[in-house]
Amino acid sequence: MQLPRALWALAGTALCCLLLSALHAHLRREGQLAAGTCEIVTLDRDSSQPRRTIARQTARCACKRGQIAGTTRARPACVDARIIKTKQWCDMLPCLEGEGCDLLINRSGWTCTQPGGRIKTTTVS
């Protein structure tokens with residue numbers, strides 16, 4: 001008599017796990033981000049000025065505790081919140097591989113200098 005009850009309990013537990021897994025997968029498809037990831041929501045470029053392109057992007061992130069939205073290797077990423085609070089922007093490695101990072105004088109952003117001398121300036125708002 002104990003064996004059928006145990007089998008029913010096991011079957012019920014398996015069914016619950018299956019339903020929870022399906023619900024979780026459905027929510028992720030509906031726009032949920034995995035913890036520690038980011039996605040670009042909007043990206044606008046303005047090339048109306050000669051030799052200058054102004055780009056603005058908005059990102060959506062689902063960061064873990066102690067992290068906040070930032071930039072790593074020119075892509076949105078979750079970074080240590082301390083970096084943002086202290087405005088030590090280059091600590092989050094915002095530039096591409098091979099580029100040099102320098103803080104702006106007023107700490108409102110950073111510059112990435114390419115080996116050929118081209119400079120990309122990023123300001124935080």
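## Basis of the model

Helices (H or I, at least four residues) and strands (E, at least two) are DSSP runs, numbered from the N terminus. This is a predicted model: local features need pLDDT of at least 70, side-chain atom pairs count only at pLDDT 80 or more, and totals for chains, interfaces and linings use all residues. Residues are numbered from 1 along each chain as its sequence is written, and side-chain values use heavy atoms, with hydrogens and water left out.

## Glutamine 67

Glutamine 67 sits in strand β3. Its relative accessible area is 32%, so glutamine 67 counts as partly exposed. The scale runs as follows: buried is under 20% relative accessible area, exposed is over 50%, and partly exposed is in between (1.4 Å probe, protein chains only).

Leaving aside residues up to four places away in sequence, glutamine 67 touches Gly36, Cys78, Val79 and Ala81. Contact here means heavy atoms within 4.5 Å. Glutamine 67 and isoleucine 83 are 16 residues apart in sequence, and their C-alpha atoms are 9.3 Å apart in space.

## Disulfides

The whole structure holds four disulfides. A disulfide is a pair of cysteine sulfur atoms within 2.5 Å. With the bonded cysteines of the chain numbered in sequence order, the pairing reads 1-2, 3-4, 5-7, 6-8.

One of the disulfides joins cysteine 63 to cysteine 78, with 2.2 Å from S to S. This pair links distant parts of the chain, 15 residues apart: cysteine 63 is in the loop between β2 and β3, and cysteine 78 is in strand β4. The link is left-handed, at -85 degrees about the S-S bond. Cysteine 63 is partly exposed, at 28% relative accessibility. Cysteine 78 is buried, at 13%. Cysteine 78 is also among the residues that glutamine 67 touches.

Cysteine 90 and cysteine 101 form another disulfide, with their sulfur atoms 1.9 Å apart. Here too the pair links distant parts of the chain, 11 residues apart: cysteine 90 lies in the loop between α2 (81-86) and β5 (100-103), cysteine 101 in strand β5. The torsion about the S-S bond is about -80 degrees, so this disulfide is left-handed. Cysteine 101 is partly exposed, with a relative accessible area of 25%.

Cysteine 95 bonds to cysteine 112, with the sulfur atoms 2.0 Å apart. These two cysteines are 17 residues apart and link distant parts of the chain: cysteine 95 in the loop between α2 and β5, cysteine 112 in strand β6. With -85 degrees about the S-S bond, their link is left-handed. Cysteine 95 and cysteine 112 are both buried.

## The largest pocket

The largest pocket holds about 1500 Å³ of space. On a 1 Å grid over the protein atoms alone, where a 1.4 Å probe fits, a pocket is an open set of points with protein on both sides within 12 Å along at least five of seven lines; lining residues have an atom within 4 Å of a point. Grid points are joined across faces, edges and corners, and the volume is the space filled by probe spheres set on the points.

The lining has 35 residues, and Ala55, Gln57, Thr121, Thr122 and Thr123 lie nearest the centre of the pocket. At least two lining residues come from each of β1 (37-46), β2 (54-62), β3 (67-72), β4 (75-80), β6 (109-113) and β7 (119-123). Strand β2 gives the largest share, six residues. By type, the lining divides into 18 nonpolar, nine polar and eight charged residues. Ala, Val, Leu, Ile, Met, Phe, Trp, Tyr, Cys and Pro count as nonpolar, Asp, Glu, Lys and Arg as charged, and the others, Gly among them, as polar.
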